[in-house]
Amino acid sequence: TKKTSDRIWSAYKHELNTKNNDITREELKSKYLEDEKKVKPKSAWRSQNPLETPGLMGKIASYLPVRDRISLSLANSRIREESFIHRVLNLSGLPDETDEEFMSVNRRTRTKMVLHENELITLINLCSNDVTHVNLSDSYLTDKVITHLMKRLPNIKSLNMANCSGLTEKSGEAIAEYGKKIERLNLSECMGYFTATDTLARIAKECTSLKCLKLAYTRSLEDTIPVLLQTLAQYCPNLELLNLCGPLWHNHLNLKLLLSQCKNLRGLALNCFTEDERQDVHCDLPDVNTMEVATGLEYLIIEGCDPRLLQGVINNNPKLTTLGVTNINIDNILCMPFIERLSELKIDRCQNFTTQKLNQILPRLSQLKRLGLGANLSTNETLSAIARHCRHLSHLELGGLAYGPAVLGDVVNQCNDLTSLCLMTDGAGFWERSELEYITALKDGAQLTSLVLADCFVNSYLVQAIMKNCPNLVNL
C-alpha cells in the first residue's frame, strides 16, 4: 500500500510541475485523493490522528485519579463515552468481588478516598441511566449523595458501600425506596446509625430482588441480626449469599426459617466476636429429617451449633466446598467423605478436635486451597503434615505461635502455590520467638504476595528481611 501510494504522489507532483493548463490544482488534488482511497484501507482514512483510535482516550483516562477523570469527562464527550465513568461507577478501580471474596471472613485492605459531595454528585450526573454496577467503597459519603445516586440511577443491580462512613438511616431509606432492582449489596465495615435495626429490615423488605448481602464487621448490629434474619427469610426468597461475620454481639441466632425459606442459598457465613474477645454464640439449625432446607450450599461458616444438626445440613448439600467451624464438636463431622472435595477449611476453638485428629484427615485434603487453623492446632507436627499433603494451598492462616520457624519455612518451600500467609499471635500480644527468625525462614517466599504479621514488633531489620525474602509482596 505504501509503495502504491508513493507512486501516486510522485505522479501527482509531476503533473503539478508540468503546469498543465488543462487541469487545475483542485482537480488534480481530487484525482489524487480518489486514487489514494482505492489502495488505502478505510481505517486509515477514518483515523488519520492516532488519538482518534476508538477506545484509546478512554483507556488513557482510566489511569488517571478519579478527580482528574471527572474533569476530563466534563470537558470531553468522547472520553466520557469511552471511559468506564459513563457505564460503571467505580471509585475503587477494582473489579467486582468474586463469590469467594464476598464470603471471606478476612478483613479487606482499606484506603479512604476523599471526594467532596459536589464532586460525587457531578460524577453521578455523568453516568447513563443504564448503569447497573456501582462501587463507592472506602469513601466518605453523605445522605445527599446516596439519595441522589438512587434517584438518578434506578437500574442499579450491584451496590458496594464497604467501609463507608458519614451515613444515617436516611441513606438506608433511599436504598429501600429506589433500589428495587438491587441484587448484590455490600455494607461490610460500615459504621453509624445507617445499619440500625429498622433501616436494614426495611431494605430487606423492600429490595425483594436481593440475592447477595454482606454485613461483615459492620458495627451497631446489636439487636439487628435476629430481626434481619427473619425479614430476609420472609421477603427475599431468592437470597443466595449472606455474610454476617464480625462483632454481632448477639449470642443466639435462629437459622431455621432462613435455611428452610431461602431454597437458593449458596453461602452462609456467621462467625461472631467482639473487638476485644470472642464470645460464645449458639446457632439454631433446622433438622433436615423434619424440615425441607436449602440443598445448594457451597459456602458454610458457622459457630456454636448442634453437631448432629450440622451433620444433617452438610449431608443435604453435596456442593459444599468451603467450611468454617468455630466452637463446635466436629469429631464425627470431619470424618465424613465430603471433606475430600473441600477447597477451603477453617477450624477455630474446637477444643475436642486435636492435632492428632487433624493430621489423620490431612492426607484426604489434597485439593485444599485455603486453610485456617486456631492456636490449638498450629503445631510443628501439623505444619509438617501440611507441607507433605496440602501442596496446592494458596492461603494459610495460623493462630498462635506454637510452631518453629524452620517448619514454617518448609511449608512455604513445599507449597509452590502459596501466595498469602497470615501469622496470628495467641492473643497475648507478643511473639514467643523473634519475628526476624520467622521471616528469615521464609527464604523461599518469592511467591508470596500477601503477608500478615499480627502484633509484631517492627524495626528496620525486620523490614529488610521481609523485602529480601518476600520481594513480590503486594499486601503487607
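Modeller: Two residues are in contact if heavy atoms of theirs lie within 4.5 Å. By that rule Ser 104 is in contact with Lys 214 and Asn 243, its neighbours within four places in sequence being left aside. This is a predicted model, in which local features need pLDDT of at least 70 and side-chain atom pairs count only at pLDDT 80 or more, whereas totals for chains, interfaces and linings use all residues. Residues are numbered from 1 along each chain as its sequence is written, and side-chain values use heavy atoms, with hydrogens and water left out.

Colleague: Where is Ser 104 found, and why is it called buried?

Modeller: Ser 104 belongs to the loop between helix 8 (99-102) and helix 9 (117-126); helices (H or I, at least four residues) and strands (E, at least two) are DSSP runs, numbered from the N terminus. Its relative accessible area is 17%, and Ser 104 is therefore buried, since buried means under 20%, exposed over 50% and partly exposed in between, with a 1.4 Å probe and protein chains only.

Colleague: What makes Lys 214 a charge over the ring of Phe 102?

Modeller: The charged end of Lys 214 is 5.8 Å from the ring centre of Phe 102, and the rule asks for NZ of Lys or CZ of Arg within 6 Å of the centre and within 35 degrees of the ring normal. Arg 184 also lies over the face of Phe 102, at 4.6 Å from the ring centre.

Colleague: Why is Arg 341 called partly exposed, and which residues does it contact?

Modeller: Arg 341 has a relative accessible area of 33%, and it therefore counts as partly exposed. Arg 341 is placed in the loop between strand 11 (322-326) and strand 12 (344-348). Beyond its neighbours within four places in sequence, it is in contact with Asn 317, Pro 318, Lys 319, Leu 320 and Thr 321. The C-alpha atoms of Arg 341 and Leu 320 are separated by 7.9 Å, although the two residues are 21 apart along the chain. The side chain of Arg 341 also reaches the backbone oxygen of Asn 317 at 3.2 Å.

Colleague: What makes Tyr 403 and Tyr 438 an aromatic pair, and of which kind?

Modeller: A search of the whole structure finds one aromatic pair. Tyr 403 and Tyr 438 are 5.9 Å apart centre to centre, with 80° between the planes, and the pair is edge-to-face; rings of Phe, Tyr and Trp (its six-membered ring) pair if their centres lie within 6.5 Å, with planes under 30 degrees apart counted as stacked, over 60 as edge-to-face and the rest as tilted. The pair links distant parts of the chain, 35 residues apart: Tyr 403 in the loop between strand 14 (395-398) and helix 18 (405-414), and Tyr 438 in helix 19 (residues 435-440). Both Tyr 403 and Tyr 438 are buried.

Terms used
Polar contact = N/O pair within 3.5 Å; in protein donor to acceptor, adjacent residues only side chain to side chain.
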